[in-house]
Amino acid sequence: LIQAGTSSLVSQRTNRSKYRMETPLLTTVPGSQRSIAPASTIKASWITTTVNLTKAFVGASSFEVPWAFAQAGLVGSIMGILAVALVSTHGLCTLARCSALLLADTTSYGQPPSYPSLGAAALGQPGHLMAWFGLGAMTLGVCGSYVTLISTTLADLTGWSSKLWVLLVFPPLVATSCIRRMNNLRFTSAFGTMALVAAVAVTTYDAAVNEPDRNENLLELPLVELDTFPLFIGNIGFLYLISTAILPIAQSMHEPARFDSAFTASVVFVTILNLSFGIFAWYRFGGSACKIDDHHVGAALGCVQSNVLKNLEPGVVTRAVKALVVVDIINTCAIFTFPMNEALTGALLGEGTGRLHYWKGNALRAIVIASISAIAYFLPFFPLLTGLTGGLGNNILGLILPPVFYFRLQLKRGYWKRSLGSYVGGTKGTDTPEQQGSVWELVSLAGVLCFGLAFLGLTLFSFGKAIWDQLDH
């Protein structure tokens, strides 16, 4: 019931009616990256698509937004989040157009294409491998970040070591990953959404009533923090580049031509929400960022923690909220690893039935969870993992590959040759509005690609150095 940009192998395995992706009512899972499960065969309206996109944006990664804002400063965070929102809108809408191009080719594609199948159609085997690399990096990074959040939250609740909790949550993570039908998790998904809403509400209330002693006003916060700005941009990329949600949501829309406007409406709402929550919590919890290895909790720390739930005042409500968030994130990991598990099962084990094949599949799923747990065990730095993932896997799938794939797919259709003529080997036509528009379209694609490449280099260097410093420390 899930497709989140998996390989064509998964598409072939899910070509049964129960796995068709044609629905507007989606089972969404908290987190900046979500897998989407269809619930019926009715196409989605514009409003439903906008709501589903908004649900995909808002999740557990929002708890690090106040800390990320402290890394950029007041003006830096506002300008940075607007820039990332703008570029991600272009990149992810371009990804949706790639899907539409293949869906229009009804002679070759009888069902919604997956991300690797987009890469194969655009660039052949290299494109297929690049898409798989991005999916692998994103899956391991996102789920590794969430296991880190689970373990550190449980450590706050119990006083036990976070590394011990990584080992203790390994069995339930494996058990949930062995679920073959994701509709079995639909009730916990809805429950998780309510848990996140409750967590944000409690955090906002605590920020409003538990302001630490301080004299400066909002406008006296640091305006720009250049030294730590890369830590901000990586985490915001993690929040906005929801590439795995784009294909299923766009493919389920009744009027695909209106996807861009639905996405824009969702981005505007989410950006206003993130700016309001991030700046408010950052200011009220102290106006500065706590150190990554600071494990203190409470509202009077004088700084905002990388996981803002640590700034909540200890009490029954806080403990309940944290416990609910943990349950939700375990559910998130199960759904998020589902496409990768299915793809690996198909590639390594093939189609099969029987008890032996079933348990081989379970063993493969356990290996995936073990890899994710190893990342959380040896790199227990939630904001650094999310930032690195935002600049690596999420960035590759959301900003780097979409313009490349789109250019190649349109080139095969003769789109650039008709519009640009001799620039791509054809006969240059007259200077028509269509040609002029396509030139700017090409420039915009190049701009998004360059932004993605610069983003990749910046985050690999800055987050790699930050993780190394933490390990060395």
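An angle between two axes is called roughly parallel under 35 degrees, roughly antiparallel over 145, roughly perpendicular from 65 to 115, and oblique for the rest. Axes are lines fitted to C-alpha atoms, for helices over the stretch in contact, and the angles run from 0 to 180 degrees between N-to-C directions. Helices are DSSP runs (H or I, at least four residues), numbered from the N terminus.

This is a predicted model, in which local features need pLDDT of at least 70, side-chain atom pairs count only at pLDDT 80 or more, and totals for chains, interfaces and linings use all residues. Residues are numbered from 1 along each chain as its sequence is written, and side-chain values use heavy atoms, with hydrogens and water left out.

Begin with helix α5 (residues 115-123) and helix α6 (residues 125-158). Their axes come within 6 Å and cross at roughly 150°. The two helices are therefore roughly antiparallel. Contact means heavy atoms within 4.5 Å. Here α5 brings Tyr115, Pro116, Gly119, Ala120 and Leu123. Among the α6 partners are Met130, Trp132 and Leu135.

Now look at helix α4 (residues 74-104) and helix α16 (residues 393-412). Their axes come within 8 Å and cross at roughly 40°. That makes α4 oblique to α16. This crossing is left-handed. Residues of α4 in the contact include Val87, Leu95 and Arg97. On the α16 side, Pro402, Phe405 and Tyr406 are among those they meet.

A nonpolar core is a set of buried Ala, Val, Leu, Ile, Met, Phe, Trp, Tyr and Cys residues joined through side-chain atoms within 4.5 Å. The largest one has 109 residues. Phe69, Tyr115, Tyr240, Ile246, Phe259 and Phe263 touch the most other members. Helix α6 gives the most to this core, 13 residues. Take Phe259: beyond its neighbours within four places in sequence, its contacts include Leu53, Cys93, Ile246 and Met253. Another core lies apart, with 8 residues, including Leu231 and Phe381.

Notes. A crossing is left-handed if the near helix is turned anticlockwise from the far one by less than a right angle, and right-handed if clockwise. Buried means under 20% relative accessible area, exposed over 50%, partly exposed in between (1.4 Å probe, protein chains only).
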